[in-house]
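Please keep the sequence and the structure at hand while reading.

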Amino acid sequence: MPPKSSCWFCPFHRPETWHDMRRDEPELFEKACQLEELLNRRRDELGKDHVWLTRFNRPLRKAIPDGVDTLPFDEWNSGCDSGWCMT
């Protein structure tokens, strides 16, 4: 049985899933980045706003850092100051 959100370009992947893909399947991560770039080039031609495969409103390559064991959530201003949720 495939895992939840098994599609390699699913915009509903959690950041951790993208991070794992970048680390464990770099070719597939690159393919997702190229798809996102293609979509946005075509949207430019149509005069439409860009779309992103993450919720961070930025390109996948920039949203998911390379070679980092944990994601820098502070960069996206999550609004959580307590740290009690342990995410």
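Helices are DSSP runs of H or I with at least four residues, numbered from the N terminus. In these terms, Gly67 lies in the segment after α3 (60-63). The model is predicted. The protein chain has 3 helices and 0 strands, in the order α-α-α along the sequence.

**Overall features**

- Of the 87 residues in the protein chain, 24% count as buried.
- The chain exposes about 6,800 Å², of which carbon and sulfur atoms supply 52%.
- Where contacts join residues at least 6 apart in sequence, 45% of them link residues at least 24 apart.
- Gly67 is exposed, as its relative accessible area of 75% is over the 50% cut-off.
- The C-alpha atom of Gly67 is separated by 9.1 Å from that of His19, although the two residues are 48 apart along the chain.

**Aromatic pairs**

- The count comes to 2 aromatic pairs.
- The ring centres of Trp8 and Phe9 are 4.9 Å apart and their planes stand at 80°, so this pair is edge-to-face.
- Trp8 is partly exposed at 22% relative accessibility, and Phe9 is partly exposed with a relative accessible area of 33%.
- Trp18 and Phe29 have ring centres 6.3 Å apart and planes at 75°, so their pair is edge-to-face.
- Because Trp18 belongs to helix α1 (residues 15-24) and Phe29 to helix α2 (residues 26-45), the pair ties together parts that are 11 residues apart in sequence.
- Both Trp18 and Phe29 are buried.

**Arg22 in helix α1**

- Arg22 has its place in helix α1.
- With a relative accessible area of 18%, Arg22 is under the 20% cut-off and therefore counts as buried.
- The Arg22 side chain reaches the backbone oxygen of Arg61 at 3.1 Å.
- Apart from residues up to four places away in sequence, Arg22 touches Phe29, Arg61, Ile64, Pro65 and Asp66.

**Glu36 in helix α2**

- Glu36 is found in helix α2.
- This residue, Glu36, is buried yet has no salt bridge. Its nearest side chain of opposite charge is that of Arg61, 6.7 Å away, whereas a salt bridge requires the nitrogen and the carboxyl oxygen to be within 4 Å.
- The side chain of Glu36 reaches the backbone nitrogen of Leu53 at 2.8 Å.
- Beyond its neighbours within four places in sequence, Glu36 is in contact with Val51, Trp52, Leu53, Arg58, Pro59 and Leu60.

**Salt bridges**

- The count comes to 5 salt bridges.
- Arg61 forms a salt bridge with Glu30, with the closest N and O atoms 2.9 Å apart.
- Since Arg61 lies in helix α3 and Glu30 in helix α2, that pair ties together parts 31 residues apart in sequence.
- Arg61 is partly exposed, with a relative accessible area of 32%, and Glu30 is partly exposed, with 30%.
- Glu37 also forms a salt bridge with Arg61, the closest N and O atoms being 3.3 Å apart.
- The pair of Glu37 in helix α2 and Arg61 in helix α3 links distant parts of the chain, 24 residues apart.
- Glu37 counts as partly exposed at 33% relative accessibility.
- Arg23 forms a salt bridge with Asp24, with the closest N and O atoms 2.9 Å apart.
- A network of salt bridges links Asp20, Arg23 and Asp24.

Terms used: Residues are numbered from 1 along each chain as its sequence is written. This is a predicted model: local features need pLDDT of at least 70, side-chain atom pairs count only at pLDDT 80 or more; totals for chains, interfaces and linings use all residues. Side-chain values use heavy atoms; hydrogens and water are left out. Rings of Phe, Tyr and Trp (its six-membered ring) pair if their centres lie within 6.5 Å; planes under 30 degrees apart count as stacked, over 60 as edge-to-face and the rest as tilted. Buried means under 20% relative accessible area, exposed over 50%, partly exposed in between (1.4 Å probe, protein chains only). Helices (H or I, at least four residues) and strands (E, at least two) are DSSP runs, numbered from the N terminus. A polar contact is a pair of N or O atoms within 3.5 Å; within protein, one must be able to donate a hydrogen and the other to accept it, and residues adjacent in sequence count only if both atoms are side-chain atoms. Contact means heavy atoms within 4.5 Å. Accessible areas come from the Shrake-Rupley method with a 1.4 Å probe; for residues, only the protein chains shown count as cover. Lys and Arg count as positive and Asp and Glu as negative; His and the chain ends are not counted.
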